[in-house]
Amino acid sequence: MARALQLARQGLYSTHPNPRVGCVIVRDGQVVGEGWHQRAGEPHAEVHALRMAGDRAHGATAYVTLEPCSHHGRTPPCADALVKAGVSRVVAAMQDPNPEVGGRGLQRLRDAGIDVVCGVLEAEARELNPGFIKRMEGGLPFVRVKLAMSLDGRTAMASGESQWITGPAARADVQALRARSSVVLTGADTVLIDGARLTVRAEELRLEPSLAALALQRPPLRVLVDGRLRVPLDAPFFQAGPALVATLDDTGAARYRAAGHELLALAGHERVDLPALLAALGARGANEVLVEAGPLLAGAFAAQGLVDEYRIYVAAKLLGSSARPLLELPLERMAEARELRIVDLRAVGDDWRITARPVAH
């Protein structure tokens, strides 16, 4: 199963909106087939592994990181393929959270007389697909907020100047983060001040060439939250390709559509309704949303309890007391402090990367 998870991780940048899945087929103690899901609409992991195994799949054990599907989507059911191949045992890391499957694939295998085990390395399998799981269970994507700060917790100078707080290695790490996301989301201030494009830059994407090629074939949807449509259509952000603009009303929609972009009106208390925006993105199949925004918009996501994970890059610099804070999150009492659990801490070049998740109460 550990090998199947390793294979599944190769789909980290390319399977959207599908989950990342790996499969290993073993017979008489020997691996006879391996596979991983590469792109939506193409064969699933089990099919690749069965093709490699051929006749040796008969009587073998299949280890798969997610319950084999039982419904007809863009590809036939994998549960049926395993039955047809004559495997004698299937070990799944976890049940599929997709309501269209939800245990039916495992039952299909049992009904065919196949020995089924589920729940092997389940925690690791869930970590591989946090967005797919959250969307299937509640209709919303997994929201990850990326922030870069100095040691004194500042993200930009008072003027808004912020390039560059962190070094090349951290910036390359962010490119991989963008590449794995279904959506990269930002605000008007970031686009206006930094000239941000929010694209995946091939020259900075330090991945194995084959994985980088897959990632670049599936760029994330770029979303701009711009309630008052302050960003002009000739801005670098719009020149970089099609984008979705979340705003307060759809006045001017035709102008944006003519330029190759989409306007989505989501009014809410004089600001764009962020929960409604996430629901709309989930309905479009977005699994993971990466928020790369200034302290105001990032703070709004935090204040509304919409953040599942923070990815914070810390540089060994001091920007001073007049520089901008990490988040605009007005809190007055210690009891209001937002508690986080650090799940990972590591050096990235000359900087540090903190991965933290809100503690549920």
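Biologist: Let me begin with one side chain: is arginine 230 buried, exposed or partly exposed?

Modeller: Keep in mind that this is a predicted model. Buried means under 20% relative accessible area and exposed over 50%. Arginine 230 has a relative accessible area of 38%, so it counts as partly exposed.

Biologist: Which residue does arginine 230 meet in a salt bridge?

Modeller: The general idea is that side chains of opposite charge can pair when their charged atoms come close. In this case, the partner of arginine 230 is aspartate 189, at 2.9 Å from N to O.

Biologist: How many salt bridges does a search of the whole structure find?

Modeller: The search finds 22. Take glutamate 34 and arginine 3, whose closest N and O atoms are 2.9 Å apart. Glutamate 34 sits in strand β2 and arginine 3 in helix α1, so this pair ties together parts that are 31 residues apart in sequence. As for accessibility, glutamate 34 is partly exposed at 22%, and arginine 3 is partly exposed at 35%.

Biologist: What about arginine 144 and glutamate 288: are they buried or exposed?

Modeller: Both of them are buried. They form a salt bridge too, with the closest N and O atoms 3.0 Å apart. Arginine 144 belongs to strand β6 and glutamate 288 to strand β14, and they are 144 residues apart.

Biologist: Now the helix. How many residues of α13 are buried?

Modeller: First, the general idea: an α-helix has 3.6 residues a turn, so residues three or four places apart point the same way. Helix α13 covers residues 295-303, and seven of its nine residues are buried, which leaves the helix mostly covered. The buried ones are Pro295, Leu297, Ala298, Gly299, Ala300, Phe301 and Ala302.

Biologist: And which glycine follows α13?

Modeller: That's glycine 305, and its phi is positive, near 65 degrees.

Terms used: Residues numbered from 1 in each chain as written. Predicted model: local features only at pLDDT ≥ 70, side-chain atom pairs only at ≥ 80, totals over all residues. Heavy atoms only, no water. Buried < 20%, exposed > 50% of the residue type's maximum accessible area, 1.4 Å probe, protein only. Helix = DSSP H or I, 4+ residues; strand = E, 2+ residues; numbered from the N terminus. Salt bridge = Lys/Arg side-chain N within 4 Å of Asp/Glu carboxyl O.
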